[in-house]
Amino acid sequence: MTVSWTPHRFTGGILALDAANTVVLRFDPEKTFDRFDNRAEIARFADAASGFRATELGGRRLEAQSPAEIAPVVLSIRETTDRLFRHAVSKGALATGDLPGFLQACAEGLAGSRTEIGAPGQPFGDPATPIAFEAALAVSALSLLRDDTVARLRICPNCSWLFVDRSRNSSRLWCDMAVCGNRQKANRYYRRRTAAREVSNV
């Protein structure tokens with residue numbers, strides 16, 4: 001499937017983490033921004049995710065016809081997902097105190113859905129019809145609760161985004177080697193060159 005250019009990055013490895021990562025530089029008060037502050041971006045994200053996450057979705061397209069209306073549910077799923085699984089990465093276990101909010105947010109995402117999921121080869125239901133973005137987001141977020149997935153969750157040391165490490169030996173460091181990995185390499189190179197110049201000037 002051909003995907004046109006999008007300002008959104010899909011490096012989380014799963015739809016729910018891609019959505020969590022729409023808050024850029026989440027922990028830098030001076031630089032952070034939320035891509036979904038512009039509600040129209042929710043629809044653009046859903047459209048792009050239909051292509052980028054086609055395998056996860058089983059080929060089913062995401063639909064977000066009224067982004068302003070679904071925004072509260074989408075943001076609730078996004079924020080509770082980030083909170084629950086960021087803690088799981090940091091502490092090595094899920095915080096039970098964060099589960100009720102997460103499960104309630106997912107329940108709200110599924111509340112208006114009239115579809116069936118989980119059939120063999122159709123994890124998100126019938127690929128012939130679209131699925132509401134908030135419902136698919138809830139299903140994706142709930143799938144993160146599996147032990148094997150939780151064990152592979154990581155936080156990128158460059159941008160602090162969450163991602164699933166699916167490397168063979170579970171040793172992936174960056175959410176995106178081409179972006180965050182190269183930036184860290186460039187920063188290390190710059191620091192080494194600066195340190196070398198300072199030593200030579202002594």
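Let's start with L173, which sits in the loop between strand 6 and helix 8. Helices here are DSSP runs of H or I with at least four residues, strands are E runs of at least two, and both are numbered from the N terminus. This is a predicted model, where local features need pLDDT of at least 70, side-chain atom pairs count only at pLDDT 80 or more, and totals for chains, interfaces and linings use all residues. Residues are numbered from 1 along each chain as its sequence is written, and side-chain values use heavy atoms, leaving out hydrogens and water.

L173 is exposed, with a relative accessible area of 51%. For these labels, buried means under 20% relative accessible area, exposed means over 50%, and partly exposed is in between, using a 1.4 Å probe and protein chains only. If you skip residues up to four places away in sequence, L173 touches C156, P157 and F163. Contact means heavy atoms within 4.5 Å. L173 and F163 are 10 residues apart in sequence, and their C-alpha atoms are 9.8 Å apart in space.

D165 also belongs to the loop between strand 6 and helix 8. Is D165 buried or exposed? D165 is buried, because its relative accessible area is 0%. Leaving out neighbours within four places in sequence, D165 is in contact with R152, R154, S170, S171 and R172. Its C-alpha atom is separated by 8.9 Å from that of A151, which is 14 residues away along the chain.

S170, one of the contacts of D165, lies in that loop too, between strand 6 (162–164) and helix 8 (177–200). S170 counts as partly exposed, because its relative accessibility is 29%.

Most residues other than glycine have a negative phi. S170 has a positive phi of about 55 degrees although it is not a glycine. L25 is another non-glycine residue with a positive phi, near 50 degrees. You'll find L25 in the loop between strand 1 (23–24) and strand 2 (33–34). L25 is partly exposed, at 30% relative accessible area.

D98 is found in the loop between helix 4 (67–91) and helix 5. D98 is partly exposed, with a relative accessible area of 22%. Not counting residues up to four places away in sequence, D98 touches R83 and L84. D98 and L84 are 14 residues apart along the chain, with 5.7 Å between their C-alpha atoms.

Here are the C-alpha pairs from the loops side by side.

| Pair | Separation along the chain | C-alpha distance |
|---|---|---|
| L173 and F163 | 10 residues | 9.8 Å |
| D165 and A151 | 14 residues | 8.9 Å |
| D98 and L84 | 14 residues | 5.7 Å |

**Helix 5 meets helix 6**

Two packed helices are described by the angle between their axes and the distance between the axes. Helix 5 (residues 99–110) and helix 6 (residues 133–143) pack at an angle of about 145 degrees, and their axes are 7 Å apart. The axes are lines fitted to C-alpha atoms, for helices over the stretch in contact, and the angles run from 0 to 180 degrees between N-to-C directions.

Which residues of helix 5 and helix 6 meet? From helix 5 come F102, L103, C106, G109 and L110, and from helix 6 come E134, A135, A138, V139, A141 and L142. By class, this contact has nine nonpolar, one polar and one charged residues. In this scheme Ala, Val, Leu, Ile, Met, Phe, Trp, Tyr, Cys and Pro are nonpolar, Asp, Glu, Lys and Arg are charged, and the others, Gly among them, are polar.

Nine of the 11 residues of helix 6 are buried, so helix 6 is largely enclosed by the rest of the structure. The buried residues of helix 6 include F133, L137 and S140.

**The whole chain**

The protein chain has eight helices and six strands, in the order α-β-β-α-α-β-α-α-β-α-α-β-β-α along the sequence. Of its 202 residues, 42% are buried. Among contacts with a separation of 6 or more, 63% come from residues 24 or more positions apart.
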